Amino acid sequence: MERRPRLSATNQTVQDHGQHHHHKDLAHHFDTLEQQHDANTLGMWAFLLTEVLFFGGLFAAYTIYRYKYSAMFEEASNHLDITLGATNTVILILSSLTMALAVRCSQTGQAVWTGRWLLITIFFGLMFLGVKYFEWKHDYNIRLMPGKDWAGKDFFWWQYAKKAKEMEKHDKGHSHALPDPKDVLPDNDPSLGVKGIQESQQARLFFLLYFCMTSLHALHMLVGFVLIGIIAYFAYQGAYSPDYYSPVENIGLYWHFVDIVWIFLFPLLYLLGAHMGH
Amino acid sequence: MATVSLESRPYEKVSDHDSSHESVNYLNHDHSILSWLLTLDHKRIGLLYLVTITLMFLLGGALAGAVRLELLTPKGDLLAADTYNKAFTAHGIIMLFFFLIPSIPAVMGNFVLPLMIGAKDVAFPRLNLLSYYLYFAGSVIALTALLLGGVDTGWTFYTPFSSTYSNSYVVVMAVGLFVVGFSSILTGLNFVVTVHRMRCPGLTWFRLPLFIWAIYATSVVQLLGTPVIAVTLGLLGVERTLGVGIFDPRLGGDPILFQHLFWFYSHPAVYIMILPSLGLISEVISTFSKKTVFGYHIIAFSSIAIAVFGFIVWAHHMFTTGISPYAAMVFSLLTFSVAIPSGIKVFSWLATMYGGSISFDTPMIYAFGFLGLFTIGGLTGLFLSTLGTDIHLHDTYFIVAHFHYIMVGGAIMGYMAGVHFWWPKITGRLYSEFWGKLSAGITFIGFNFTFFPQFILGYLGMPRRYYEYPDEFQVLNVFSTAGASILAIGYLMPMFYMPLSFFFGEKANSNPYGATTLDWTDTTSPPSPHNFEKTPVVTEEPYNFHGKEAAVVSH
Amino acid sequence: MASSEHSTHQPASLTLYLGTFGMLMLLTVLTIFAGFQNFGMWSTHIALGIAVVKAALVVVIFMHGYSSSPLTWVIILASIFFLTIMLGMMLSDYVSRGWVI
């Protein structure tokens with residue numbers, strides 16, 4: 001593997017002259033740029049290890065309830081919009097590609113293009129969240145998100161949400177004017193009962209996990225925007241060079257991780273019940 | 001045979017040519033308050049932690065005192081039932097999350113780790129300071145929750161009580177723990193990277209002091225476990241805020257799932273507390289026996305093994321909750337496996353002392369206390385990992401006694417050994433050996449008086465977390481409370497003679513014990529701001545005392 | 001002492017990145033297609049299998065796993081290992097609750 005000559009030269013300087021001739025990007029407690037780069041990379045991977053377990057807690061909750069309530073989870077999953085989910089998958093993978101290109105440009109020393117690709121990554125990220133916003137809003141309107149008519153023990157929530165979805169189909173755009181739950185479901189509906197309540201609770205757990213997982217994912221994207229923005233600014237300032245680009249590389253790792261989480265969320269949340277037909 | 005020297009520390013006097021105490025060091029190079037509060041120096045950050053966790057320890061200790069006083073009499077007379085619940089909850093939360101978890105890693109680890117591996121600092125000094133302030137912020141939030149009215153769920157936050165029924169400040173406390181959890185993660189991350197990337201030339205993995213191996217294993221556990229408790233407390237917060245049923249069985253949730261997630265972190269968290277002590281004790285015993293550690297490689301790997309085994313045994317906390325008996329059997333079996341690396345360590349310490357030239361300095365006395373108490377704690381753990389026995393002993397005082405033998409008898413004894421051990425390095429002064437040995441002895445006696453009766457109480461069936469009990473349990477409870485007062489004296493004494501020694505103590509030379517690790521051999525006491533005059537180069541394994549004893553005495 | 005081999009890797013070719021992106025798109029289409037088929041109990045396994053392949057592509061190509069140090073791979077495998085332990089051992093409790101001998 002070919003070494004970049006500038007990096008080797010820098011090492012030589014440090015070894016020969018000690019601390020007095022530090023590279024401008026080298027923190028005082030490191031000896032060489034390589035050591036610093038390796039520490040940064042390892043730190044980022046260790047952080048991602050933590051993140052895997054962080055999302056892992058939610059995935060564990062999902063796994064257990066998916067196992068316990070598999071039928072209802074499939075039915076509930078059918079209420080999510082596969083088209084929007086798939087669109088977002090494409091957008092996020094696209095943003096992963098642009099991020100990979102940004103890192104590549106920082107490695108080759110194309111400062112301006114590093115900044116540009118980073119901004120394009122943010123653009124795709126925002127697009128993802130835009131789609132997500134309308135999706136959440138829609139979910140909220142048909143009572144699939146925490147909010148109006150959501151909590152409560154003895155409430156046929158699932159039947160109500162199904163009805164809300166049906167009404168929304170017939171009455172596009174006026175879904176916010178849903179009637180009172182009591183009017184939709186008369187108390188004496190004989191088809192309901194204990195089963196209805198159980199179905200409601202189980203479906204609600206699915207949407208609760210959907211809400212928790214997608215919002216935690218979205219939160220990670222928001223944090224990502226801020227960090228990418230800062231790094232894009234420094235990239236335009238010419239702060240990164242083939243000698244020193246670990247901030248770009250690390251934000252790249254972070255962003256790809258966010259992408260990977262979505263790669264798992266998409267089939268687990270959206271596609272569970274696709275085979276049952278809409 | 002071990003040669004026992006009764007006169008204390010013949011080598012403690014500062015020799016004339018050792019003028020380290022007059023030179024610039026990390027304590028005196030800048031006196032301003034801001035230089036402490038915004039410091040990036042791992043040594044100063046270690047001291048910030050030391051002060052903060054000592055305050056938390058005092059608070060947690062006071063709450064323990066309240067609990068013990070209430071249990072002096074069978075009737076609930078001192079505290080109301082609800083106040084009692086809040087007192088033991090606060091005691092548990094403060095001691096575990098705000099004292100024990102950061103104790104050795106954040107104080108000793110911060111101070112000593114870079115010194116031991118010949119580094120100028122940890123890999124990410126800014127992150128290190130951020131960890132401290134996250135810890136501080138988490139403490140403030142948790143104390144706010146206590147001042148607002150406290151939490152009455154027990155430190156385990158079991159659902160559905162915590163999620164649905166408790167009217168106390170669960171969410172505020174959960175936020176506090178969430179924040180302090182991030183402090184723990186970032187410290188762990190920093191240490192992992194530091195051990196991997198900052199070792200000085202020649203310091204290969206098998207030349208690392210065993211304390212470093214232990215801190216490394218601990219840090220890995222912090223990285224892997226803490227995020228799970230963070231997200232679990234997050235779910236608890238969501239459940240309480242939105243009124244939905246993630247863990248509430250009335251709403252279709254599963255309370256056992258909470259316990260699974262909780263213990264997936266909280267069992268390994270036990271090893272976050274005890275592992276650093278195990279490593280530290282290896283240092284102390286080797287140094288004061290003037291003998292290399294018996295079975296270095298095995299000890300190093302046993303730290304890693306304890307960390308990994310810690311993640312596959314968590315359900316032994318849940319044998320009585322209705323988990324599958326088959327899973328319970330597997331978890332019971334796996335739990336026994338933790339005894340193997342722990343036992344290896346105990347035998348290694350004994351073998352290290354065998355034939356060594358043992359000096360009975362204060363850290364060593366604490367280490368002796370540790371040895372006895374940790375062994376009792378560990379062996380009673382085997383009773384509890386046995387399925388059938390656990391059904392009888394679960395949620396009794398036997399459990400309380402068992403984990404206090406590990407946490408207090410193990411982790412805190414180790415922590416005290418460590419504070420005394422590195423005190424000359426931290427301050428450049430020697431504390432009074434007399435008071436040190438006295439406090440170690442009093443702690444040991446007080447501890448056994450407090451917690452041994454609790455084994456018997458638990459065996460007889462006294463349940464934990466009750467503020468009243470039948471009259472026949474009173475004698476043992478009086479024993480326990482009396483012991484707690486002795487224990488309190490043992491812990492309070494160092495808080496006087498240690499600070500006093502900081503101002504009036506005899507000056508220490510750079511290596512008062514003749515230890516062999518870099519923190520002693522290559523730095524001054526106290527160390528200079530950048531630790532080493534020149535980057536050390538390591539050429540041999542640690543704990544090589546051959547031919548060094550004479551040199552040390554001649555200092 | 002820090003190994004330096006992986007920190008100096010050459011930038012990967014554009015074709016590789018674009019090809020990976022293409023593969024990820026193909027797999028996305030595949031996973032949606034598979035979702036609409038009824039594989040019974042295997043649906044989730046198939047969906048997860050495809051997701052694992054996609055994630056692996058991202059890790060190996062986009063995250064430069066192909067030129068990462070062994071230590072990085074230890075971390076990657078450790079995260080998978082401990083995640084598996086958490087999910088697997090929790091599930092072992094739920095799955096075996098109804099067993100009768």
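This briefing covers confidence, chain contacts, helix packing and backbone geometry.

The model is predicted. It scores ipTM 0.90 and pTM 0.91. Chain C touches chain A through 40 of its own residues and 45 residues of chain A. The contact between chains B and C takes 14 residues from chain B and 13 residues from chain C. Mean pLDDT is 91 for chain B and 88 for chain C.

**Confidence**

- In chain B, 94% of the residues reach a pLDDT of 70 or more.
- Residues 1-21 of chain B have pLDDT below 50. The model still gives this stretch 33 contacts beyond near neighbours in sequence.
- Residues 549-555 of chain B also stay under 50. Here the model has nine contacts beyond four places in sequence.
- In chain C, 90% of the residues reach 70 or more.
- Residues 1-8 of chain C stay under 50 in pLDDT, with 21 contacts beyond four places in sequence.
- Where pLDDT is low, predicted coordinates should not be read in detail.

**Contact between chains C and A**

- The contact pairs 40 residues of chain C with 45 residues of chain A.
- Three helices of chain C each supply at least two residues to the side that touches chain A: α1 (14-36), α2 (42-62) and α3 (70-95).
- α3(C) gives the largest share of that side, with twelve residues.
- By class, the chain C side has 25 nonpolar, 13 polar and two charged residues.

**Contact between chains B and C**

- Chain B contributes 14 residues and chain C contributes 13 residues.
- On the chain B side, the elements giving two or more residues are α6 (170-197), α8 (255-289) and α10 (325-353).
- That side of chain B divides into nine nonpolar, three polar and two charged residues.

**Domains of chain C**

- The domain assignment gives chain C a domain 1 (13-63) and a domain 2 (68-96).
- The centres of these two domains, taken over C-alpha atoms, are separated by 20 Å.

**Helix packing in chain A**

- Helix α5 (residues 111-141) and helix α8 (residues 194-236) of chain A have axes that come within 9 Å and cross at roughly 160°.
- The angle therefore makes α5(A) roughly antiparallel to α8(A).
- Their crossing is left-handed.
- From α5(A), the contact includes A:G115, A:L118, A:L119, A:I122, A:G125 and A:F128. From α8(A), it includes A:M221, A:G224, A:F225, A:I228 and A:A232.
- This contact divides into 15 nonpolar, seven polar and one charged residue.

**Helix packing in chain B: α3 and α4**

- The axes of helix α3 (residues 81-116) and helix α4 (residues 125-148) of chain B come within 12 Å and cross at roughly 165°.
- α3(B) and α4(B) are therefore roughly antiparallel to each other.
- The crossing of α3(B) and α4(B) is left-handed.
- α3(B) brings B:A90, B:I93, B:F98, B:P102 and B:N110 to the contact. α4(B) brings B:N128, B:Y135, B:S139, B:A142 and B:L146.
- The classes are seven nonpolar, three polar and no charged residues.

**Helix packing in chain B: α9 and α10**

- Helix α9 (residues 296-309) of chain B packs on α10(B) at an angle of about 150°, with the axes 9 Å apart.
- α9(B) is therefore roughly antiparallel to α10(B).
- α9(B) passes α10(B) in a left-handed crossing.
- B:I298, B:I299, B:S302, B:A305, B:I306 and B:F309 make the contact from α9(B). Among their partners in α10(B) are B:V338, B:P341, B:I344 and B:K345.
- The contact of α9(B) with α10(B) has eight nonpolar, four polar and one charged residue.
- α10(B) is also one of the elements on the side of chain B that touches chain C.

**Backbone geometry in chain B**

- A cis peptide bond joins B:T159 and B:P160, with omega about -5°.
- B:P160 sits in the loop between α4 and α5 (161-165) of chain B.
- B:F157 is found in the loop between α4 and α5 of chain B. Its phi is near 55°, a positive value in a residue other than glycine.
- The peptide bond from B:S525 to B:P526 is cis, with omega near -10°.
- B:P526 lies in the loop between α16 (518-521) and α17 (549-553) of chain B.

Notes. Residues are numbered from 1 along each chain as its sequence is written. Chains are lettered from A and ligands numbered from 1 in the order in which they are written. This is a predicted model: local features need pLDDT of at least 70, side-chain atom pairs count only at pLDDT 80 or more; totals for chains, interfaces and linings use all residues. Two residues are in contact if their C-beta atoms, placed from the backbone, lie within 7 Å. Helices (H or I, at least four residues) and strands (E, at least two) are DSSP runs, numbered from the N terminus. Ala, Val, Leu, Ile, Met, Phe, Trp, Tyr, Cys and Pro count as nonpolar, Asp, Glu, Lys and Arg as charged, and the others, Gly among them, as polar. pLDDT is the predictor's confidence in each residue, from 0 to 100. Axes are lines fitted to C-alpha atoms, for helices over the stretch in contact, and angles run from 0 to 180 degrees between N-to-C directions. Angles under 35 degrees count as roughly parallel, over 145 as roughly antiparallel, 65 to 115 as roughly perpendicular and the rest as oblique. A crossing is left-handed if the near helix is turned anticlockwise from the far one by less than a right angle, and right-handed if clockwise. Domain bounds come from an automatic or database domain assignment.
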